[in-house]
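Please keep the sequence and the structure in view while reading.

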Amino acid sequence: MAYGMKKDFYGAVRALCMEIREKNERMPVTDTLMKLMDIEDLPMHSPVHHVIVPAALLTQAAIEEEISEKEFQSWLSKAEMRGKSIPGGVCGECGACGAGIGIGIFLSVFYGTTPKSEETWKFANQATSHALMDIAEYGGPRCCKRTSFLAVTRSLDFINEKCGLHLSAEENLKCKYHHRNEECLGEKCPFYSKG
């Protein structure tokens, strides 16, 4: 297991995404994101979030586009492989949050983008840069939940425009994880709720 994790959270993410797609559960991407974050014992902070972000987006895109089970499995495998390659702590140690990079992973998997692609190469990099700018706006310390929410909510307009999708986010998204985060920004976080 990566990053000292004692459980196969990546397998659990994959299985839940497959289940959501199989049941054709159309929902806001942020709801899918929280279902994945609610996987039993999932750490507050961990590199599994680098996979959760593209997985949530790919799941709802697959439902909307009526992607076959085989193709969806391929999408999830690619997203998992790429997300797992992003080290834990990359946000502070390299200046690029893995949740933000997850937006680029989504776009590159959705389009089948490679280093030799042209327009979609541009889209993936633009989307990542927008997500990272929005994440940076709130500063540190880290919070994998906040950065995942920001990456998704702030990127959806761009994603929908470039991919021809109609993905949505919960309009009044409130974090239910802050009590587990000793470094929570509290009221400085756009998703903080005292409840």
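## Packing of helix 3 and helix 4

At what angle do helix 3 and helix 4 pack, and how far apart are their axes? In this predicted model, helix 3, which covers residues 49-65, packs against helix 4, which covers residues 69-84, at an angle of about 160°, and the axes are 8 Å apart. Because angles over 145 degrees count as roughly antiparallel, helix 3 is described as roughly antiparallel to helix 4. The crossing in which helix 3 passes helix 4 is right-handed.

On the side of helix 3, the contact is made by His50, Val51, Pro54, Ala55, Leu58, Thr59, Ala61 and Ala62, and these meet Phe72, Trp75, Leu76, Ala79, Glu80, Gly83 and Lys84 in helix 4.

## Aromatic pairs

How many aromatic pairs does a search of the whole structure find? The search finds five. One of them joins phenylalanine 110 and tyrosine 111, whose ring centres are 5.3 Å apart and whose planes stand at 85°, so the pair is edge-to-face. Phenylalanine 110 has a relative accessibility of 15% and counts as buried, whereas tyrosine 111, with a relative accessible area of 32%, is partly exposed.

Tyrosine 111 also pairs with phenylalanine 123, and here the ring centres are 6.3 Å apart with the planes at 50°, so this pair is tilted. The pair links distant parts of the chain, since tyrosine 111 belongs to helix 6 (residues 98-111) and phenylalanine 123 to helix 7 (residues 119-136), the two residues being 12 residues apart. Phenylalanine 123 is buried, its relative accessible area being 8%.

Taken together, ring pairs link Trp75, Phe106, Phe110, Tyr111 and Phe123 into a cluster. Trp75 in this cluster is also among the residues of helix 4 that meet helix 3.

## Serine 74

Along the chain, serine 74 and alanine 169 are 95 residues apart, and their C-alpha atoms are separated by 25 Å.

Methods. Residues numbered from 1 in each chain as written. Predicted model: local features only at pLDDT ≥ 70, side-chain atom pairs only at ≥ 80, totals over all residues. Heavy atoms only, no water. Axes fitted to C-alpha atoms, helices over the stretch in contact; angles between N-to-C directions. Helix = DSSP H or I, 4+ residues; strand = E, 2+ residues; numbered from the N terminus. Parallel < 35°, antiparallel > 145°, perpendicular 65-115°, else oblique. Left-handed = near helix turned anticlockwise from the far one by under 90°. Contact = heavy atoms within 4.5 Å. Phe/Tyr/Trp six-rings, centres within 6.5 Å; stacked < 30°, edge-to-face > 60°. Buried < 20%, exposed > 50% of the residue type's maximum accessible area, 1.4 Å probe, protein only.
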